[in-house]
Every structure is written in structure tokens, then in C-alpha cells.
Amino acid sequence: MTAHAFAPVPHELLDPPRQRGRRFRRDGRPLPADLLYGRLLATAVQHALGGGPAPEATVRSADGSSAPLPLDRWLGPVDAADRAVLELADSPVLDLGCGPGRHLAALRHAGKPGLGVDLSPVAVWVARERGAEAVPGDIFTAVPDAGTWSTALLLDGNVGIGGAPAVLLRRTCQLLGPDGTALVELDAPGEPTYRTRVRLEAPGVVSEWFAWARVGVDGIGAPAERAGLRVGETLSAGGRWFARLHVR
Ligand SMILES: C[S@@+](CC[C@H](N)C(=O)[O-])C[C@H]1O[C@@H](n2cnc3c(N)ncnc32)[C@H](O)[C@@H]1O
């Protein structure tokens with residue numbers, strides 16, 4: 001698939017009523033993470049349209065380390081590793097924390113319908129622009145057709161959502177049907193499994209800290225077991241690692 005041609009993100013999504021007044025705040029207080037993420041995503045879309053510089057954004061971890069926030073990757077097309085793991089997906093597919101929807105768009109292209117859920121209304125808007133079905137919401141509270149999905153995706157770090165992998169995987173298990181599977185992206189063998197806090201940073205603005213986790217291939221067994229899932233095969237593609245988990 002080639003890169004998608006985007007339309008500009010509607011202004012009202014960047015300045016929702018509950019956030020009004022925080023948009024141009026200069027007092028240095030942190031913004032809610034979903035609000036800052038949405039604005040960075042909108043800036044990246046604007047940049048893709050030729051309408052401004054690329055956003056400079058990083059993710060800072062509690063240990064002080066930081067890494068670039070890969071907005072370009074999330075807005076770009078799937079790569080060979082994504083395609084390899086999506087081959088294993090059976091529809092209907094539920095993409096938990098779908099972001100701007102590149103996996104759902106690729107699945108749709110392959111004739112596998114799915115639904116994305118994401119906290120960020122901007123991410124959901126971009127996903128829909130790409131032809132994906134997506135709804136705004138928190139995966140821990142508001143997910144349509146819970147208990148019926150054939151495949152759940154937790155890709156590109158999303159196994160860290162909420163900062164407690166066993167809780168996230170238990171929730172994933174509740175959302176799957178009786179024969180469902182979860183496709184989960186993990187860190188490489190030898191990498192540690194741990195809980196942390198992170199925040200988004202961009203020039204002149206930071207988000208609030210939020211709970212996150214990293215899970216390595218060696219560390220997925222225990223939280224999966226606690227969540228009622230069995231670890232099936234692992235897959236390595238393009239330097240990335242994935243596991244397929246089965247409802248027990
Ligand atoms: C690391 S990004 C990955 C995006 C997407 N999976 C991709 O690979 O392009 C994490 C996404 O999860 C979303 N997210 C985080 N916590 C969430 C929650 N509790 N419910 C729904 N979405 C959430 C964020 O808004 C963000 O879009």
C-alpha cells in the first residue's frame with residue numbers, strides 16, 4: 001500500500017470544549033497526554049500536506065531516557081513486518097489503541113474487516129480518513145461487541161497501555177470470542193519486562209505522566225497466564241517480535 005493523502009484535521013477536534021483555554025496556555029503546566037498527542041498528530045498531518053514543519057516530539061521515560069515519537073511511522077503505510085503479522089489475523093479484528101489506523105487500513109485492503117478503538121479523537125478521525133472503521137473511547141470501558149472478536153491487535157508498543165500488562169491482557173481476553181487470539185508486539189529476546197511512567201514532550205510543552213510498560217518476548221508468559229491466555233507461536237520479522245496468544 002502507498003502512503004495516504006490526508007485532509008487537514010478539523011479544528012474542533014484540536015480544541016474540544018473540555019480543553020478550551022488550555023490550547024495556548026503558557027503557564028508550563030502539563031497537558032493531558034491525549035490532547036498533546038492529538039495536536040502532534042494534526043501537525044504531522046499538516047506537514048504531510050506540505051503545510052508546515054514536522055513536529056519534534058519525544059517520549060520521556062521515568063528513568064530520564066527519551067526516544068522520538070514515531071508519528072511518521074504511524075501515519076505511513078504498513079511495512080513488511082506489519083504485513084507478516086497481519087497475515088495471522090482473522091476477521092473481525094479489533095485494534096486496541098489503533099492510532100491513525102494503518103493496520104486497519106491494510107486489513108481492509110486485504111478483505112479483513114475490523115474496528116479500531118482509540119482515546120484520541122484526532123487519531124480516530126485520521127483512521128476513518130484512511131477508510132478504517134474506528135470509534136473514540138477507552139479500551140478498558142467502551143468497546144462494541146465485547147466477547148465476540150476473532151483477533152485483537154496490540155501492536156507497536158500497545159502492550160504497554162495502562163502500565164499493567166496482565167490487566168491489559170485480561171481485558172483483551174474479555175473482548176475476544178471463545179476461540180479468539182491476540183497478536184501482540186513485544187521487545188526482543190533478552191530485553192526486560194517492566195512497568196514505568198512516560199510523558200510526551202515537544203518544544204515548550206509536555207504532557208502529564210502516564211503509566212506504561214515494556215514487555216519482552218521472555219516476559220510475556222506470566223502476564224498472559226494470569227490473564228487467561230496461552231502463548232502460542234512467536235514471530236520475528238524485520239527486527240520486530242510478535243506473539244500469538246490464545247484464549248484458554
Ligand atoms: C503507541 S501508539 C500506537 C498506535 C497504533 N497502534 C499504530 O501502531 O499506529 C498508542 C495508541 O494507543 C492509544 N491509547 C492509549 N491508551 C489507550 C486506552 N486506554 N484506550 C484506547 N486507546 C488508547 C493512544 O491514543 C495511541 O493512539
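Two residues are in contact if their C-beta atoms, placed from the backbone, lie within 7 Å. By that criterion, among contacts in the chain between residues at least 6 apart in sequence, 64% join residues at least 24 apart. The model is predicted: local features need pLDDT of at least 70, side-chain atom pairs count only at pLDDT 80 or more, and totals for chains, interfaces and linings use all residues. Numbering starts from 1 along each chain as its sequence is written.

Begin with the whole chain. Its C-alpha atoms fill a box of roughly 50 × 40 × 35 Å along the principal axes. Colour next by secondary structure: there are eight helices and twelve strands, which are DSSP runs (helices H or I, at least four residues; strands E, at least two) numbered from the N terminus.

Now select Leu41, Ala152, Val184 and Leu186. These have the most contacts inside the largest nonpolar core, a group of 66 residues. Such a core is a set of buried Ala, Val, Leu, Ile, Met, Phe, Trp, Tyr and Cys residues joined through C-beta atoms within 7 Å; buried requires 20 or more other C-beta atoms within 10 Å of a residue's own. The helix α2 gives the most to this core, with eight residues. Centre on Leu186: not counting residues up to four places away in sequence, Leu186 touches Val159, Val215, Gly216, Val217, Ile220, Trp241, Phe242 and Ala243.

Finally, display the ligand. Of the 20 residues around the ligand (C-beta atom, placed from the backbone, within 6 Å), Trp74, Gly97, Gly99, Ile139 and Asp156 come nearest. Select α2 (33–48) and β4 (114–118), each of which supplies at least two residues of this shell.

Notes:
A residue is buried if 20 or more other C-beta atoms lie within 10 Å of its own, exposed if 12 or fewer, and partly exposed in between; C-beta atoms are placed from the backbone.
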